[in-house]
Amino acid sequence: MADTNTLKFGNHDYPVMSGSVGPQVVDIRKLYNETGMFTYDPGFTSTASCESALTYIDGDEGILLHRGYPIGQLAEQSSFMEVSYLLLNGELPSKGELDEFTHTITRHTMLHEQLATFYRGFRRDAHPMAIMCGVVGALSAFYHDSTDINDPHQRMIASHRLIAKMPTIAAMAYKYSVGQPFLYPDNSLSYTGNFLRMTFGVPAEPYEVNPIVERALDRIFILHADHEQNASTSTVRLAGSSGANPFACIAAGIACLWGPAHGGANEAALNMLREIGTPDRIPEFIARAKDKNDPFRLMGFGHRVYKNYDPRATVMQQTVREVFDALKVSDPVFEVALQLEHMALNDPYFVEKKLFPNVDFYSGVILSAIGFPTTMFTALFALARTVGWVAQWNEMISDPAQKIGRPRQLYTGPTQRDYTAIGQR
Ligand code: SDX
């Protein structure tokens, strides 16, 4: 929505646009044609790449809304299937709408039988994210009837297939790594219960879904569902802007999420907490994190947008307490995490740089208590984030203003020069 005020640059006025909430933007689409200059913003710290109605983050206040609903309320009162419907459709569903949506997703959880052979091509110790990149990218070879991105019906089928099949693909990656047989989906179970059974069940005996674990994991999926224009979502949008099929776009998002600065941080954070081991070693690691000459960073700490507590980390910490109390388990690494947080948040370095725990700081503690190996943590993040990726992808395709993404650069290489024969060099 263009405002009356504008930003003057040289002889030109650039319109200032306002959203429903949050920072205004300066529309600079004509800047290069009118001034011959580009903006310069590596890492896009001050750049809005698109218009979106899905998720709003106020980093200073630690606010996260999905279609206007606060993450704390959704985590407490909703379910991952309901939040998935909300992200895809814009409104909370009626009971009938939710039942129909859940039924649709449930009946898409099976994989084409030949995809099981893909797993046998990997080493048993392949990282699950390597398998997820490969298998999800290959889905387009099996589901040709939902790759026409200009057909809204095909886009929705592809979206449902991706949301439904990610748990099956992730569970199969885990089963393959431990040498156990794959389990087919069980349509009588919930989305999250089905994933738990495919992961931890065996054909030799019935698997009883623990409702406390099911609820905790479903809440963890809600916390990871979407997060504005983060690196992997921006990757999905950029891939989608070329007209690539949705399966290829989500595979690109998975690849980007894997990085330790992004979704890979949950695996790195628990490994870090385990390496610290006991509270008396915390000062040593805090000193390393502050040392400019040491590349070490506190994993699960800091965020490009949040300069306050990540509201997801708050819910995650509460969920650790609930799961540990309910399952009557404990893990000394939780105490290390709590004390590390306390010491960091009282250290001027972290206070001045506004570095707080993010969604990845506590998630590994719960996932480990449930029984997942650390190598599965980012695969679980990808499983949950798939609904955000497909919702953002659908929003981009439907946006009349969307064009192929093609950033420019500040060129600092050699100016034109003539080739010289090798004998003259
Ligand atoms: C996710 O974008 C999203 O929304 C992502 C996500 C989502 O849901 O999609 O929220 C998920 O990726 C969460 C972030 C997970 N990553 C980590 O926990 C890895 C550790 N954190 C960092 O690497 C870092 O904080 C980032 C990558 C998350 C953010 O980096 P920025 O915004 O580019 O900030 P920066 O690297 O410029 O750091 C600013 C300053 C630097 O010091 P100076 O050079 O200014 O002196 O803070 C320091 C950094 O050295 N700093 C840290 C730190 N994070 C930043 N110092 C120690 N430990 C850290 N964790």
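Reader: What is the relative accessible area of Leu 7?
Author: This is a predicted model, in which local features need pLDDT of at least 70 and side-chain atom pairs count only at pLDDT 80 or more, while totals for chains, interfaces and linings use all residues. Residues are numbered from 1 along each chain as its sequence is written, and side-chain values use heavy atoms, with hydrogens and water left out. Leu 7 lies in strand 1 (residues 2–9), where strands (E, at least two residues) and helices (H or I, at least four) are DSSP runs numbered from the N terminus. Because buried means under 20% relative accessible area and exposed over 50%, with partly exposed in between (1.4 Å probe, protein chains only), Leu 7 counts as partly exposed at 43%.

Reader: Which residues form the nonpolar patch on the surface?
Author: Patch members need over 30% relative accessible area and no salt bridge, with nonpolar side chains (Val, Leu, Ile, Met, Phe, Trp, Tyr) joined within 5 Å and like charges within 9 Å; a salt bridge is a side-chain nitrogen of Lys or Arg within 4 Å of a carboxyl oxygen of Asp or Glu. Accessible areas come from the Shrake-Rupley method with a 1.4 Å probe, and for residues only the protein chains shown count as cover. With about 220 Å² of accessible area together, the patch is formed by Leu 7, Val 26 and Ile 28.

Reader: Which strands stand at the edges of the sheet, each with a single partner strand?
Author: The open sheet of 3 strands has the order 4-5-6 with antiparallel pairing, where two strands pair if DSSP finds at least two bridges between them. One side is left without a neighbour in the sheet, because there is a single partner strand for each of strand 4 (55–58) and strand 6 (69–70).

Reader: Which residue is the bridge partner of His 66 in strand 6?
Author: Strand 5 (residues 63–66) pairs with strand 6 in the antiparallel sense over 2 bridges. In strand 6, the bridge partner of His 66 is Tyr 69.

Reader: How much of the ligand's accessible area does the protein cover?
Author: An oxygen atom of the ligand lies 2.8 Å from an N or O atom in the side chain of Arg 304, which falls within the 3.5 Å limit for the N or O pair of a polar contact. Of the 1,000 Å² of accessible area that the ligand has on its own, the protein covers 77%.

Reader: What is the phi of Arg 67 near?
Author: Arg 67 is in the loop between strand 5 and strand 6 and is partly exposed, with a relative accessible area of 25%. Most residues other than glycine have a negative phi. For Arg 67, however, phi is positive, near 50°.

How values were computed
Polar contact = N/O pair within 3.5 Å; in protein donor to acceptor, adjacent residues only side chain to side chain.
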